[in-house]
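Subject: Structure handover

Hello,

I am passing this structure on to you.

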Amino acid sequence: MPTPESTRPTRERIVDAAEHLLRTTGLARTTTKEIAREAGCSEAALYKHYRSKEEIFVRVLRDRLPRLNPLLDELGRDPGTLGVAHNLTLVAEHAVRFYRQSLPLAASLFAEPALKKRHFEGVRELGQGPHIPLVALARYLRAERDRGALRPDADPDAAAALLLGACSQRAFVYDAEEGMPPPRSTEEFAADLVRTLLHGLLPDTGPS
């Protein structure tokens, strides 16, 4: 009798398996053969759905982790009416949670330079990479500057690097250190970070 798991589409079972292995084994030690075995399919079947391990990894990042890239895509299409401070605080909250979960997945790569090189080459071929959120956030900030919500001399690239860099640093310093909780909640950290950042971004004559 088929189980609920066995009746799920193979494409989804592959992502489920990859997520489990990435969290328990790490990216460097996870192979397509092991993903296929975990998913209950052949390696040939896996390659019918995904071109490479890198494509599966990107799918896990986009679909199974906090929605940083999708959120930035949405803001790029429509920033809404709630203002820059609201949008950046939402980005910061998502970024903290995204880096908290994604850094451990890929950390093992940095111990194997050759594997790391192959991985990032494969990811770049897919038009993806760790620079994508940075580029998307800078693009959003540039649009806000162009419509007058930010100072004319505001630097979108520097601002994006400051915000996302602070979020990834928090994940590295605190979330990677067991038994060392952050001094502030994610929401408090995001609000304080954005408030500080906006001192150098907002026009002198009006709020966001």
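Predicted model: local features only at pLDDT ≥ 70, side-chain atom pairs only at ≥ 80, totals over all residues.

**Helix pair**

Start with helix H6 (residues 84-106) and helix H8 (residues 132-146). They pack at an angle of about 175°, and their axes are 12 Å apart. An angle over 145 degrees counts as roughly antiparallel, so H6 and H8 are roughly antiparallel to each other. On the H6 side, the contact is made by Val84, Asn87, Leu88, Val91 and Tyr99. H8 brings Pro133, Leu137, Tyr140, Leu141 and Glu144. By type, the residues of this contact are 8 nonpolar, 1 polar and 1 charged.

**Salt bridges**

The count comes to 17 salt bridges. Glu144, part of the H6 contact, forms one with Arg147, with the closest N and O atoms 2.4 Å apart. Glu144 is buried, at 1% relative accessibility.

Two other pairs to look at:

- Asp153 and Arg151 meet at 3.1 Å, N to O. Asp153 is exposed at 56%, while Arg151 is partly exposed at 21%.
- Asp192 pairs with Arg184, the closest N and O atoms being 2.9 Å apart. Asp192 is partly exposed at 24%, and Arg184 is partly exposed at 34%.

There is also a network of salt bridges. It links Arg8, Glu12, Asp16, Glu19, Arg23 and Arg64.

**Arg118**

Arg118 sits in helix H7 (residues 113-125). Its relative accessible area is 51%, so Arg118 is exposed. Ala143 is 25 residues from Arg118 along the chain, and their C-alpha atoms are separated by 34 Å.

Best regards

Key: Residues numbered from 1 in each chain as written. Heavy atoms only, no water. Axes fitted to C-alpha atoms, helices over the stretch in contact; angles between N-to-C directions. Helix = DSSP H or I, 4+ residues; strand = E, 2+ residues; numbered from the N terminus. Parallel < 35°, antiparallel > 145°, perpendicular 65-115°, else oblique. Contact = heavy atoms within 4.5 Å. Nonpolar A, V, L, I, M, F, W, Y, C, P; charged D, E, K, R; others polar. Buried < 20%, exposed > 50% of the residue type's maximum accessible area, 1.4 Å probe, protein only. Salt bridge = Lys/Arg side-chain N within 4 Å of Asp/Glu carboxyl O.
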